[in-house]
Amino acid sequence: MKPRISVISVNYNGFALTAAMIDSLHRHVTTPLEIVVVDNGSQRDEATELQERYPEIIAIRSPENLGFAGGNNLGIRAASGDRLLLLNNDTEVGDDTLHYLAETLDADPSVGAVCPKIRFWAPPQAIQFAGYTPLTRITLRNALVGFGQPDDGSRDTPHTTPYAHGAAMMVRREAVEKAGPMPEEYFLYYEELDWSERIREAGYRIVYDPRATVFHKESATTGRQSPLRSYYLTRNRLLFARRNRRGTERRLSILYQLGVALPKSVAAALLCGRRDLAAAVLRGGRDFLRHKTGKE
């Protein structure tokens, strides 16, 4: 029987993390799954290693790192399911609840994407995501609903959210066909926010379904305060403004990022003695100005 749910996960030098994620799916999930893992330019061929350990999965080797979006898009093209669950390789499940996400899509054709409750892996396993607040128009700031709160039932009401969380999001295939693939211009960070904009522009809603839970070992790949993270957060916030704001709002947003947010980030990094972070922030702003990527 053809699986209705295809799980797509991107691996980058993370064999142990990916194996733990797959093991958790095998251990807890009874819904038939197709598991697609994209080895995104790891130093060694981890796709072959994963295929040998788990012969039932589809393991794809990309010789180069295509970024988070590029890796997921490669996996989406290889998947056969009509419900596509993008699941970070640094996540695990602890129960058999992923089917609720598919049921949410089945029940309402206006829903293009649905996210589970996401909790931190480390004790006390507080909530990381129970939805997003909208991004402010100029400063591009928003918040994770429920962030850091105990899972005490107060975040157990389903609701619409403006953005999906890239660590765990199920998308109906029709929505991908209408909205287009995840934008690869970002490489890392902000791509799921931009994609959420495209999904909503295609006429779909994005919802949070707390009946399903995923646990997230956040930043296991890039590090919480790495130069890589600082660079892409700076560059991609500017890119998001360019792609998703218009007219005066776009100009004000870009000016705010360059004139206020960027200097504050550099100063904060220098105060902490992190010259590497300060340099990464400056490089992110400079590369945005140099290339000016993104649609007009």
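Modeller: One point before we start. This is a predicted model.

Biologist: Let us begin with helices. How do H7 and H9 cross?

Modeller: Look at the distance between the axes and the angle. H7 covers residues 227-244 and H9 covers residues 275-291. Their axes come within 7 Å and cross at roughly 30°. Angles under 35 degrees count as roughly parallel. H7 and H9 are therefore roughly parallel to each other. The crossing of H7 and H9 is right-handed.

Biologist: Which residues make the contact of H7 with H9?

Modeller: H7 contributes Pro227, Ser230, Tyr231, Thr234, Arg235, Leu238, Leu239 and Arg242. From H9 come Asp276, Leu277, Ala280, Val281, Arg283, Gly284, Gly285, Asp287 and Phe288. By class, the residues of this contact are eight nonpolar, four polar and five charged.

Biologist: How should I read the spacing of residues along a helix?

Modeller: An α-helix has 3.6 residues a turn, so residues three or four places apart point the same way. Keep that in mind when you look at a contact list.

Biologist: At what angle do H8 and H9 pack?

Modeller: The angle is about 165°, and the axes are 7 Å apart. H8 spans residues 247-271. The cut-off for roughly antiparallel is over 145. H8 and H9 are therefore roughly antiparallel to each other. H8 passes H9 in a left-handed crossing.

Biologist: Which residues of H8 and H9 meet?

Modeller: On H8 they are Ile254, Leu258, Leu262, Ser265, Val266, Ala269 and Leu270. On H9 they are Arg275, Leu277, Ala278, Val281, Leu282, Gly285, Phe288 and Leu289. The contact of H8 with H9 has 12 nonpolar, two polar and one charged residues.

Biologist: Now aromatic residues. What describes a pair of rings?

Modeller: The distance of the centres and the angle of the planes describe a pair of aromatic rings. Centres must lie within 6.5 Å to pair, and planes over 60 degrees apart count as edge-to-face. By this rule the count here comes to seven aromatic pairs. Take Phe120 and Phe147: their ring centres are 5.5 Å apart and their planes are at 85°, so the pair is edge-to-face.

Biologist: Where do Phe120 and Phe147 lie?

Modeller: Phe120 lies in strand E6, residues 111-120. Phe147 lies in the loop between strand E7 (127-129) and strand E8 (159-160). The pair therefore ties together parts that are 27 residues apart in sequence. Phe120 counts as buried, at 15% relative accessibility. Phe147 is partly exposed, with a relative accessible area of 47%.

Biologist: How are the rings of Phe129 and Tyr132 arranged?

Modeller: Their centres are 5.4 Å apart and their planes are at 70°, so this pair is edge-to-face. Phe129 is buried, and so is Tyr132. Phe129 and Tyr132 form one aromatic cluster with Tyr163 and Tyr208.

Biologist: Which residues other than glycine have a positive phi?

Modeller: Gln125 and Phe187 are examples. Phi of Gln125 is near 55°, and phi of Phe187 is near 70°. Gln125 is found in the loop between E6 and E7. Phe187 is found in the loop between helix H5 (173-179) and H6. Gln125 is partly exposed, with a relative accessible area of 25%. Phe187 is partly exposed, with a relative accessible area of 25%.

Biologist: Where is the cis peptide bond?

Modeller: A cis peptide bond joins Pro123 and Pro124, with omega about 5°. Pro124 sits in the loop between E6 and E7.

Note on methods: Residues numbered from 1 in each chain as written. Predicted model: local features only at pLDDT ≥ 70, side-chain atom pairs only at ≥ 80, totals over all residues. Heavy atoms only, no water. Axes fitted to C-alpha atoms, helices over the stretch in contact; angles between N-to-C directions. Helix = DSSP H or I, 4+ residues; strand = E, 2+ residues; numbered from the N terminus. Parallel < 35°, antiparallel > 145°, perpendicular 65-115°, else oblique. Left-handed = near helix turned anticlockwise from the far one by under 90°. Contact = heavy atoms within 4.5 Å. Nonpolar A, V, L, I, M, F, W, Y, C, P; charged D, E, K, R; others polar. Phe/Tyr/Trp six-rings, centres within 6.5 Å; stacked < 30°, edge-to-face > 60°. Buried < 20%, exposed > 50% of the residue type's maximum accessible area, 1.4 Å probe, protein only.
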